[in-house]
Amino acid sequence: MIAPQPSEDHRTPGTGGGHDPWSVPAPPPPARTSPQWGREIRTALLVGLPVAVLAGLALGVLWPVLAPRVPVVSNGRAVMLQNSEGQQAIAIDGTFLLTGLAVGVLAGALVFWLRRRRGGIAEVLGLAAGAVAGAFLAWRVGIWLGPEEDLVAHARRVGEGVVFDAPLKLEAKGVLAGLPFGAVGAHLLCTALWGPRTPLPTPGREFPRWKG
């Protein structure tokens, strides 16, 4: 006697071949769009160039104003520090770093509020690149606006035994990272707090139907 074979309707759901009548239909996969490189490059330049110029000039002007001076004196043969134990050189680097962080935070927040509806990876890359360029611009502008760079010529002009200010310089080049770090950090923080949210997909509301 031949035993009856089970029909396909009695297969256990989830074992590989049966149909689960209570399963929710899977949403269709999102359509893939190719990146528009021309548009992304324009966005990066539109953000990076103003940040490099405006933030760089702002930091370049503030640095020589806020940084302490290093007093030096000439004895007729050489130029030496007036106070060999002074910490002004370290303070100059710290002033550039802290001022760069402050200017970077303002730049990153301003870029976010001006372009918060059109944000993207190109905007962040442009902000970072512009802030790096602005840090180097600020370094050169600050030296140019500060005391005279030609130390020997300055010593000859003021004369022997006269105290004058040494030119500004950065001993630790790592402080150049203050401006880009502050700009990108502030932009990412603003995006996390006030950026647009992607709506979550809603599950299907149709009742499952038996296949007849």
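Me: Which residue in E3 is the bridge partner of Val 72?

Reply: Phe 164 is the bridge partner of Val 72 in E3. This is a predicted model, where local features need pLDDT of at least 70, side-chain atom pairs count only at pLDDT 80 or more, and totals for chains, interfaces and linings use all residues. Residues are numbered from 1 along each chain as its sequence is written, and side-chain values use heavy atoms, with hydrogens and water left out.

Me: What do E and H stand for here?

Reply: They're DSSP runs numbered from the N terminus: helices (H or I, at least four residues) and strands (E, at least two).

Me: And how many bridges join E1 to E3?

Reply: Three bridges join strand E1 (residues 71-74) to E3, and the two run antiparallel. Two strands pair if DSSP finds at least two bridges between them. Val 73 also stands opposite Val 163 in E3.

Me: What about E1 and E2, how many bridges there?

Reply: Three bridges join E1 to E2, again antiparallel. Ser 74 stands opposite Val 79 in E2. The hairpin of E1 and E2 has four residues between the strands, and Gly 76 there takes a positive phi near 95°.

Me: So what order do the strands come in?

Reply: The order is E2-E1-E3, in an open sheet of three strands with antiparallel pairing. Strand E2 (79-81) and strand E3 (163-165) are at the edges with a single partner strand each, so one side of each has no neighbour in the sheet. Neighbouring strands are turned by 40° against each other on average, direction ignored.

Me: Are the E1 residues buried or exposed?

Reply: Buried, on both faces: Pro 71 and Val 73 on one side, Val 72 and Ser 74 on the other. Buried means under 20% relative accessible area, exposed over 50%, and partly exposed in between (1.4 Å probe, protein chains only).

Me: Which helix lies across those strands?

Reply: Helix H4 (residues 151-158) lies across E1, E2 and E3, running at about 145° to E3. Axes are lines fitted to C-alpha atoms, for helices over the stretch in contact, and angles run from 0 to 180 degrees between N-to-C directions.

Me: Switching topic: at what angle do H2 and H5 pack?

Reply: Helix H2 (residues 88-114) and helix H5 (residues 178-194) pack at about 35°, with axes 6 Å apart. The residues in contact (heavy atoms within 4.5 Å) include Gly 100, Gly 104 and Gly 108 of H2 and Gly 178, Gly 182 and Ala 186 of H5. By class, that contact has 14 nonpolar, seven polar and no charged residues. Ala, Val, Leu, Ile, Met, Phe, Trp, Tyr, Cys and Pro count as nonpolar, Asp, Glu, Lys and Arg as charged, and the others, Gly among them, as polar.

Me: How about H2 and H3, where do their axes cross?

Reply: Those axes come within 11 Å and cross at roughly 145°. Phe 96, Gly 108 and Val 111 in H2 meet Glu 123, Leu 127, Ala 135, Ala 138 and Trp 139 in H3.

Me: What does Ala 122 touch?

Reply: Ala 122 touches Glu 40, Thr 43 and Ala 44, not counting residues up to four places away in sequence. Ala 122 lies in helix H3 (residues 121-145) and is buried, at a relative accessible area of 7%. Thr 43 is 79 residues away in sequence from Ala 122, but 6.2 Å away in space, C-alpha to C-alpha.

Me: Last one: what's the average pLDDT?

Reply: The chain averages 83, and 76% of the residues score at least 70. pLDDT is the predictor's confidence in each residue, from 0 to 100. Over residues 6-14 the pLDDT is below 50. Where pLDDT is low, the predicted coordinates should not be read in detail.
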